[in-house]
Amino acid sequence: MQAQEIKDKLNSLISAADPIDPSLARRLDEINRWVKDVKPGSLTAKKFVMAFLLQLIRDSQVWLAVQSLPSEIEKKAAFELMTPGERYWYSYLFPKWLSENDRKFYIWKQKLKAGKFDPGDDLVIRAIAARIVDRQGTVLYRYVADLSMATDSIVSSRQQQPLCIQVTTLSDEFSEQKYHNWQQTLQDWGIDRGLFLSYDKNDANFLNQLVNIALYNSDNLPAGRYLKFP
């Protein structure tokens, strides 16, 4: 989808959302005002802004499609067709983000637009995800979850219980404070369990360790627990 198509799609989604979910319409209008003065060529050059907008458009389309179903039974059936991470995202976190105040939103919008967003652990997160999928688990990424909810990915294993995960390096001198901020952020968003994973990139087996810990805790970490490893 090209930049001008994205702008046009945002406008059409605002109109479609208004009678179905005003909170979605308000959020989309906020995003629309954020990018409306950016010329299409400049917007295309901002790859993370484009990726976020495309993700938001897809999420909005799915959310509206589910909300437009005529009965709660049909809505529930639609959620049941999703992966555990998708179900958690669309039935809980995404509508929560739409309806509640996001204190980090203004800050990360400006970082995205200025090109200051640096997903430093992205390659590790993608490698973890690939191995989780190889082991029949599921993984979901969202920019909103990452930037507002301190969640790099939402994973699930055999029990299909979604678990929010944050990944950082052991060498991060601020990791202890980052851990406390992470836990507080999850609690603020009503996320009732999470996993904070630090890794040593010099350990040849660190990926397998992280995958094992993620899959095990997806099935077994109790509600109300926010586990830091190591």
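User: Hi! What should I know about the model before I start?

Analyst: It is a predicted model, where local features need pLDDT of at least 70, side-chain atom pairs count only at pLDDT 80 or more, and totals for chains, interfaces and linings use all residues. Residues are numbered from 1 along each chain as its sequence is written, and side-chain values use heavy atoms, with hydrogens and water left out.

User: Great. How many strands form the sheet, and in what order?

Analyst: Five strands make an open sheet, ordered β1-β2-β3-β4-β5, with mixed pairing. Strands here are DSSP runs of E with at least two residues, helices are runs of H or I with at least four, and both are numbered from the N terminus. Two strands pair if DSSP finds at least two bridges between them.

User: Which strands are at the edges?

Analyst: Those are β1 (138-140) and β5 (225-229), each pairing on one side only.

User: What holds paired strands together, in general?

Analyst: Strands of a sheet pair through backbone hydrogen bonds, either parallel or antiparallel.

User: So which sense do β1 and β2 take, parallel or antiparallel?

Analyst: β1 and β2 (residues 153-156) are antiparallel, with three bridges. Val 139 has Val 155 of β2 as its bridge partner, and Leu 140 is opposite Ile 154 in β2.

User: And what about β2 with β3?

Analyst: β2 and β3 also run antiparallel, joined by three bridges. Ile 154 is partnered with Cys 164 in β3, while Val 155 sits opposite Leu 163. The hairpin of these two strands has six residues between them, and Gln 160 there takes a positive phi near 55°.

User: How do β3 and β4 run?

Analyst: β3 and β4 are parallel, with six bridges joining them. Ile 165 has Leu 195 in β4 as its bridge partner.

User: Is β3 buried or exposed?

Analyst: Seven of the seven residues of β3 are buried, so the strand is largely enclosed by the rest of the structure. Buried means under 20% relative accessible area, exposed is over 50%, and partly exposed lies in between, using a 1.4 Å probe and protein chains only. Leu 163, Ile 165, Val 167 and Thr 169 point one way from β3, and Cys 164, Gln 166 and Thr 168 the other way.

User: Switching to helices. Which strands does α8 lie across?

Analyst: Helix α8 (residues 122-134) lies across β1, β2, β3 and β4 (193-199), at about 150° to β1. Axes are lines fitted to C-alpha atoms, for helices over the stretch in contact, and angles run from 0 to 180 degrees between N-to-C directions. Helix α6 (residues 84-99) lies across β1, β2 and β3 (163-169), at about 35° to β1.

User: How do α2 and α6 cross?

Analyst: The axes of α2 (residues 22-35) and α6 come within 8 Å and cross at roughly 70°. That makes α2 roughly perpendicular to α6; under 35 degrees counts as roughly parallel, over 145 as roughly antiparallel, 65 to 115 as roughly perpendicular and the rest as oblique.

User: Which residues meet there?

Analyst: Ser 23, Leu 24 and Arg 27 of α2 meet Phe 94, Trp 97, Leu 98 and Ser 99 of α6, where contact means heavy atoms within 4.5 Å.

User: Last one: how do α1 and α4 cross?

Analyst: The axes of α1 (residues 3-17) and α4 (residues 47-67) come within 11 Å, crossing at roughly 30°. The two helices are therefore roughly parallel to each other.
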